[in-house]
Amino acid sequence: MQTAITAKVKLGYNASEKQILRATLTKARAAHNDISLWAFHNGKCTNYMTMYVACADYLRETYGMTAQMTQSICQEVASKYKAQWTKLRQHQENLKAGRTKKKYKGLDNPIKFTSANVPYQFKRDYSLPKHGFARIKVLEGENGSIVLPYEGYNKHTTLILWGSQANVKLGTAQLWYSKPKKQFYLLISMTLSLPDVQAK
């Protein structure tokens, strides 16, 4: 049996590192919106690989995006447009059934990302060089990545430490900023393989 868990760990950083994280988040949001604009003007595209082929060079040159980050962002944008197409089909069914007379406007304009996160793939865009520290890809600064300390719920940080063991598999992560707390976090997804319990 497998269980999915998302660990929210609080990142530690100084003033200059905070600016690097903020700039990275700003660029990622802009990248989401650039791809969304391209998708809108190309048939409200829902194929992330089509977006990737068309936009990868632009995002690398403009924002310094890695190929993996670009692919992840394209997948997020494609998912949003797929959801809007699904809602449009449902709306058309409601029109035919006479359940509504309103026009569906979800695809009238490009989908806007106002608080996009930075998507990371384990061992490609982020890694855990030692317990309590994370190395993450950034889009600002000279080195392309920074190593930051983190802290969080003890059960979750222990599972992160066990990430190299067979029963815990680390997955994707996201750089996320909490406006109320004015704090950057790393959201790390994990899959736990638990033994099946058979009823006696």
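Which side chain does the side chain of Asn117 join through a polar contact of 3.2 Å? In this predicted model, the partner turns out to be Gln174. Asn117 sits in the loop between α3 (67-96) and β2 (118-120). With a relative accessibility of 18%, Asn117 counts as buried, because the cut-off for that label is under 20%. Leaving aside residues up to four places away in sequence, Asn117 touches Leu25, Ala28 and His32, along with Gln174, Leu175 and Trp176.

Next come the helix pairs. Helix α1 (residues 15-40) packs with helix α2 (residues 48-63) at an angle of about 145°, and their axes are 11 Å apart. The crossing of the two is right-handed. On the α1 side, the residues that meet α2 are Lys27, Ala30, Ala31, Asp34, Ile35, Trp38 and Ala39; α2 brings in Thr50, Met51, Ala54, Cys55, Tyr58, Leu59 and Tyr63. Sorted by class, this contact comes out at 11 nonpolar, 1 polar and 2 charged residues.

Then there's helix α4 (residues 154-161), whose buried residues are His156, Thr157, Leu159 and Ile160. They lie on the same side of α4 because they cover an arc of only 155° around the axis. As background, residues three or four places apart in an α-helix point the same way, because there are 3.6 residues a turn. Over on the other side of α4, Asn154 and Lys155 are exposed. As for what the buried residues of α4 pack against, the list is made up of strands β1 (2-11), β3 (126-130), β5 (145-151), β6 (168-178) and β7 (183-193).

Technical notes
Residues numbered from 1 in each chain as written. Predicted model: local features only at pLDDT ≥ 70, side-chain atom pairs only at ≥ 80, totals over all residues. Heavy atoms only, no water. Axes fitted to C-alpha atoms, helices over the stretch in contact; angles between N-to-C directions. Helix = DSSP H or I, 4+ residues; strand = E, 2+ residues; numbered from the N terminus. Left-handed = near helix turned anticlockwise from the far one by under 90°. Contact = heavy atoms within 4.5 Å. Nonpolar A, V, L, I, M, F, W, Y, C, P; charged D, E, K, R; others polar. Buried < 20%, exposed > 50% of the residue type's maximum accessible area, 1.4 Å probe, protein only. Arc of directions from axis to C-beta. Polar contact = N/O pair within 3.5 Å; in protein donor to acceptor, adjacent residues only side chain to side chain.
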